[in-house]
Amino acid sequence: MLRSLMTMLDPLVEKYLVTAIAPIMKYHEKFYNKLNCFLRDLIDSKGSLPKWFTANFITYARTTLIVPCLLLLARGHRLIPAFIVISVDFGDFLDGVVARYWMDLQKKKDDHDNNKKLKNPSQSGFEFTDQGSLTVFPSWATEHRNKSYGGFIDAVCDKAFVVPCWIFLLSSVSGTGILRFVQNKTLFWLILAEIASGCVRFRAFYTAGGIPAPAMKGLDFSTSAVKADHIGKAKQTFEMVGTCLYMLPFVRWIGLLLLMASCPLAYESVRRKVKKRSIYVHLVLENDSAFNHKTMKFLIQARGLGSKLTVGVSSASPDGDINNKSKTDLTDIILNVCSCSSVNEVIAGAPGKIDQEFMTTHGLDFFVCLPEKQEPASDELLQQQKCLVISEDGTAKPVMLVDMMMGIKED
């Protein structure tokens, strides 16, 4: 029933995004681009920021404002809490500017240090030279979480501030009849949507494999005409400005309209986060018997492209030739793949040639491979852009049928 309801809602939400949100985002982008340039020029003119003034510091500081905001609301104040909400929204934008400032500063520092050694084993080209002293390296998972922590905590803290505000505002709903019903349902829907979004983000952060998901080139997984980051920005603006105005009695209904306008955006944001996409990787006994860190990295990257990773282990080549290696070799590969936390399922005895029928039977969406490893994919998968190749630069793109004839073209 829920899936049927979502099937009905999806085209309506898409129509809303295209007709209402997309035109607004043009002006939204212009405004925030100018604001970003202004703040960055202001920061650069000051020379340098204190070391403690980081993006995470701003995130934590603005989140603590929920305490005075709720206390003031409980005592009947409205103007100051509304100002706090707008200040928090501005802080959400400011921490992004500050984060980019520190990243640019670190990049300049690294560029000037020509003798800098690669300290992250997940980087391509990493090579360890024993200098007779102890060297400690972070694991892939630790390094990835450290890098992505800022974006994760920023999104979570946004919800940690606004959801308690909405819960309190449920107790101050005014009006009767249909107006009261609309207010209650709007706030209740936003509370559920943001809590669900926060749960999904927590799960994604703590189950990340340790290697960033490849950046897609030449193919957009989303079927929407509006980009995911645009939806997030519009949702954030509508929610925060709407909450601010809803607190003020004289513009309460304008705030309610903005909160209602953010409901489809909240739905679409959660829908895209939980959308299922099944990835298939094909390992051949003859070619992939060496299960090492390169294979592990590839599997983690492939998993990052979808919500589920299925690995097929085959002893047959694409031409149908059977490899007569021992059962022990095949068993070792299967056990090695099963031990990888990024893998959800293993198909033992997969056919040498993967066609659309095989993909459909096992509920698979995309065939993912390394460069020059796309031979097991059938021509049908290539024509449908269902075969993706992950390059060494960390990007993924569809392999066209012409690439099989001329070789994979690197950008």
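## Salt bridges

A salt bridge here is a side-chain nitrogen of Lys or Arg within 4 Å of a carboxyl oxygen of Asp or Glu. Apply that rule to this predicted model and the count comes to 14 salt bridges. The general idea is simple: side chains of opposite charge can pair when their charged atoms come close.

Take Asp158 and Arg62, whose closest N and O atoms sit 2.7 Å apart. This pair links distant parts of the chain, with Asp158 in helix α5 (residues 140–169) and Arg62 in helix α2 (residues 55–64), 96 residues apart. Asp158 and Arg62 are both buried.

## Pairs within a helix

In α8 (residues 252–274), Glu268 and Arg271 are three residues apart, about one turn of the helix. Their closest N and O atoms are 2.8 Å apart, and both residues are buried.

Then there's Lys235 with Glu239, where the closest N and O atoms are 3.8 Å apart. That still counts as a salt bridge because the cut-off is 4 Å. Lys235 and Glu239 are four residues apart in helix α7 (residues 228–247), so about one helical turn separates them. Again, Lys235 and Glu239 are both buried.

Now for the nonpolar side chains. As a general matter, in soluble globular proteins such side chains tend to be buried together. In this model, the largest nonpolar core has 28 residues, and the members touching the most others are Cys69, Val85, Phe161, Trp166, Leu187, Tyr246 and Met247. Helices α3 (66–74), α4 (79–112), α5, α6 (177–206), α7 and α8 each give two or more residues to this core. The largest share, six residues, comes from α5.

Met247 is a handy place to start looking around. Setting aside its neighbours within four places in sequence, Met247 is in contact with Cys69, Leu73, Arg78, Pro81, Ala82, Val85, Cys165 and Leu169. Apart from this core lies another one, of 21 residues, including Leu305, Val311, Phe366 and Ile390.

Strand β2 covers residues 278–284, and seven of its seven residues are buried. In a regular strand the side chains alternate between the two faces of the sheet. For β2, both faces are covered: Ser278, Tyr280, His282 and Val284 are buried on one side, and Ile279, Val281 and Leu283 on the other.

On pairing, β2 runs parallel to β3 (residues 308–314), with seven bridges between the two strands. Look at Leu283 and you'll find Val313 as its bridge partner in β3. Strand β5 (residues 366–369) is also parallel to β2, and three bridges join them. There, Val281 has Val368 as its bridge partner in β5.

## A loop residue with positive phi

One last stop for anyone who likes backbone angles: Gln385 isn't a glycine, yet its phi is positive, at about 60°. Gln385 is found in the loop between α13 (379–383) and β6 (387–390). Is Gln385 buried, exposed or partly exposed? Its relative accessible area is 26%, so Gln385 counts as partly exposed, given that buried means under 20% and exposed over 50%.

Methods:
Residues are numbered from 1 along each chain as its sequence is written. This is a predicted model: local features need pLDDT of at least 70, side-chain atom pairs count only at pLDDT 80 or more; totals for chains, interfaces and linings use all residues. Side-chain values use heavy atoms; hydrogens and water are left out. Buried means under 20% relative accessible area, exposed over 50%, partly exposed in between (1.4 Å probe, protein chains only). Two strands pair if DSSP finds at least two bridges between them. A nonpolar core is a set of buried Ala, Val, Leu, Ile, Met, Phe, Trp, Tyr and Cys residues joined through side-chain atoms within 4.5 Å. Contact means heavy atoms within 4.5 Å.
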